[in-house]
Amino acid sequence: MSMKKASRLRIVSGDTKFPVLRLWDTGFALERDGAPRLRGFVDLYDGAVHLFRCLVVASEEEADEMRYDFKRMTAVHDRAPLDFERSADVPAALIEKRPPL
């Protein structure tokens, strides 16, 4: 099985998707044929899960790969960050007393 078929990782730039052949701490590689010389923001997905918003620059072509370097890699969260510390013993809900009927 080829790396292209085995990997669920993909880069999305605008409306275009590219399967990731390899990923490392400072960059990633795409198949050279059809890979653009990306420069700017892209999104990194694992299947349907949005992992990172990345600022990238094309670095080099080697063999059948086009390599890119991360200039910035920001994790994507499913909710907005809090601007206060959440205590561990916060009640989950408030139950009000009702007057007797």
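**Entry 1. Salt bridges**

I began with a definition: a salt bridge is a side-chain nitrogen of Lys or Arg within 4 Å of a carboxyl oxygen of Asp or Glu. I applied it to Asp-43 and Arg-53, which form a salt bridge with their closest N and O atoms 3.2 Å apart. I noted that Asp-43 lies in strand 4 and Arg-53 in strand 5, so the pair ties together parts that are 10 residues apart in sequence. I recorded that the model is a predicted one.

I then looked up how open each partner is. Asp-43 counts as buried, at 14% relative accessibility. Arg-53 has 36% and counts as partly exposed.

I asked how many salt bridges a search of the whole structure finds. The search gives 9 salt bridges. I kept in mind that side chains of opposite charge can pair when their charged atoms come close.

Next I looked at Glu-61 and Arg-37, whose side chains meet in a salt bridge at 4.0 Å, N to O. This pair links distant parts of the chain: Glu-61 is in strand 5, while Arg-37 is in the loop between strand 3 and strand 4, 24 residues apart. Glu-61 counts as partly exposed at 48% relative accessibility. Why does Arg-37 count as exposed? Exposed means over 50% relative accessible area, and Arg-37 has a relative accessibility of 56%.

**Entry 2. A charged network**

I turned to Glu-60, which forms a salt bridge with Arg-67, the closest N and O atoms being 3.4 Å apart.

Leaving aside neighbours within four places in sequence, I found Glu-65 in contact with several residues, among them Leu-21, Ala-29, Leu-30 and Arg-32.

Is Arg-67 buried or exposed? Arg-67 is buried, with a relative accessible area of 16%. Glu-60, by its own value of 36%, is partly exposed. The side chain of Arg-67 makes a polar contact of 3.5 Å with the side chain of Glu-62. Beyond its neighbours within four places in sequence, Arg-67 is in contact with residues including Trp-24, Phe-28, Ala-58 and Ser-59.

**Entry 3. Aromatic rings**

I searched for aromatic pairs, and the count comes to 2. Phe-28 and Tyr-68 form a stacked pair, with 4.9 Å centre to centre and 15 degrees between the planes. The two residues belong to distant parts of the chain: Phe-28 is in strand 3 (residues 27–31) and Tyr-68 in strand 6 (residues 65–75), 40 residues apart. I noted that both Phe-28 and Tyr-68 are buried.

I also recorded the rings of Phe-28 and Phe-70, whose centres are 5.5 Å apart and whose planes stand at 40 degrees, so the pair is tilted. Since Phe-28 lies in strand 3 and Phe-70 in strand 6, this pair ties together parts that are 42 residues apart in sequence. Phe-28 has 1% relative accessibility and counts as buried. Phe-70 is buried too, with a relative accessible area of 12%. I concluded that ring pairs link Phe-28, Tyr-68 and Phe-70 into a cluster.

I looked as well at Tyr-45, and found that Arg-10 lies over the face of this ring, at 4.6 Å from the ring centre.

**Entry 4. The nonpolar core**

How many residues has the largest nonpolar core? I noted 16 residues, and those with the most contacts inside this core are Ile-11, Val-20, Phe-28, Leu-30, Leu-38, Val-56 and Tyr-68. Strand 1 (9–13), strand 2 (16–24), strand 3, strand 4 (39–46), strand 5 (49–62) and strand 6 each give two or more residues to this core. In soluble globular proteins, nonpolar side chains tend to be buried together.

I ended with Val-20. Not counting residues up to four places away in sequence, Val-20 touches Ser-7, Leu-9, Arg-10, Ile-11, Phe-28, Ala-29, Leu-30 and Leu-44. I marked Phe-28 for a second look, as a residue in the ring cluster and among those with the most contacts in the core.

Definitions and conventions:
Residues numbered from 1 in each chain as written. Predicted model: local features only at pLDDT ≥ 70, side-chain atom pairs only at ≥ 80, totals over all residues. Heavy atoms only, no water. Phe/Tyr/Trp six-rings, centres within 6.5 Å; stacked < 30°, edge-to-face > 60°. Helix = DSSP H or I, 4+ residues; strand = E, 2+ residues; numbered from the N terminus. Buried < 20%, exposed > 50% of the residue type's maximum accessible area, 1.4 Å probe, protein only. Lys NZ or Arg CZ within 6 Å of the ring centre and 35° of its normal. Core = buried A, V, L, I, M, F, W, Y, C linked by side-chain atoms within 4.5 Å. Contact = heavy atoms within 4.5 Å. Polar contact = N/O pair within 3.5 Å; in protein donor to acceptor, adjacent residues only side chain to side chain.
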